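Subject: Structure handover, with notes

Hello,

Here is the structure you asked for. Please open it alongside this email and follow the notes below.

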Amino acid sequence: QVQLVESGGGLVQAGGSLRLSCAASGRSFRFDAMGWFRQAPRQQRELVATITSGGSTKYADSAKGRFTISGDSAKHTVYLQMNSLQPEDTAAYYCAGRSEGNSWFDHWGQGTRVTVSS
């Protein structure tokens, strides 16, 4: 069974920064991509950023220029550096992993809360 555990959320003022971490553990898992998603109250979950095992990254338009996704394959960990945070970034942030051969993310963490005050 694979577990994804997020950390690093919290309360920050507008313009501030946070770094989220996600550690994957378990038996015999291989992810070809990991990503960060977020869900604000009464909103649908949306993709924030993804990174493949080859290091290719993609960002939502709202994250471009402010957020950076990175990974440490040896530690099975993925990070999301978030700068210039705004109140509209307030959401629960979820880490996800995509198993090799799958078309979408099939493993999810429990989420970490990010609150940005104005």
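**Ground rules**

This is a predicted model, so local features need pLDDT of at least 70 and side-chain atom pairs count only at pLDDT 80 or more, while totals for chains, interfaces and linings use all residues. Residues are numbered from 1 along each chain as its sequence is written, and side-chain values use heavy atoms, with hydrogens and water left out.

**Salt bridges**

Side chains of opposite charge can pair when their charged atoms come close. Here a salt bridge means a side-chain nitrogen of Lys or Arg within 4 Å of a carboxyl oxygen of Asp or Glu. The search of the whole structure gives 5 of them.

Start with Arg98 and Asp32. Their closest N and O atoms are 2.8 Å apart. This pair links distant parts of the chain: Arg98 sits in strand β9 (residues 91-99) and Asp32 in strand β4 (residues 31-39), 66 residues apart. Strands and helices here are DSSP runs, numbered from the N terminus (strands are E, at least two residues; helices are H or I, at least four). Asp32 is buried, at 18% relative accessible area. The classes are these: buried is under 20% relative accessible area, exposed is over 50%, and partly exposed is in between (1.4 Å probe, protein chains only).

Next, Asp61 and Lys64. Their closest N and O atoms are 3.2 Å apart. Both residues are exposed.

Then Glu46 and Arg38. Their side chains form a salt bridge at 2.7 Å, N to O. Glu46 is partly exposed, with a relative accessible area of 36%. Arg38 counts as buried, at 7% relative accessibility. Salt bridges with shared partners join Arg38, Glu46, Arg66 and Asp89 into one network.

Arg38 is found in strand β4. Its side chain makes a polar contact with the side chain of Asp89 at 2.9 Å. A polar contact is a pair of N or O atoms within 3.5 Å; within protein, one must be able to donate a hydrogen and the other to accept it, and residues adjacent in sequence count only if both atoms are side-chain atoms. The side chain of Arg38 also has a polar contact of 2.9 Å with the side chain of Tyr93.

Contact, for what comes next, means heavy atoms within 4.5 Å. Leaving out residues up to four places away in sequence, Arg38 touches several residues, including Gln44, Arg45, Val48, Ser62, Phe67 and Glu88.

Tyr93 lies in strand β9. Tyr93 is buried, with a relative accessible area of 0%. The side chain of Tyr93 also reaches the backbone oxygen of Asp89, at 2.7 Å. Beyond its neighbours within four places in sequence, Tyr93 is in contact with residues that include Glu6, Leu20, Trp36, Leu80, Met82 and Gly111. One distance for orientation: Tyr93 and Val12 are 81 residues apart in sequence and 14 Å apart in space, C-alpha to C-alpha.

How many residues of β9 are buried? The count is 8 of its 9 residues, and the strand is mostly covered.

Two strands pair if DSSP finds at least two bridges between them. The pairings of β9 include these:

- β4 and β9 run antiparallel, joined by 8 bridges. Gly35 has Ala96 in β9 as its bridge partner.
- β9 and strand β11 (residues 112-117) run antiparallel, joined by 3 bridges. Tyr93 has Thr112 in β11 as its bridge partner.
- β9 and strand β10 (residues 107-108) pair in the antiparallel sense over 2 bridges. Gly97 stands opposite His107 in β10.

**The four-stranded open sheet**

Which strands make up the open sheet, and in what order? The order is β1-β3-β8-β7, with antiparallel pairing. Its edge strands are β1 (3-7) and β7 (67-72), each pairing on one side only. Neighbouring strands are turned by 15 degrees against each other on average, direction ignored. Axes are lines fitted to C-alpha atoms, for helices over the stretch in contact, and angles run from 0 to 180 degrees between N-to-C directions.

Within this sheet, β1 and strand β3 (residues 18-25) run antiparallel and share 5 bridges. Ser7 stands opposite Ser21 in β3.

Best wishes
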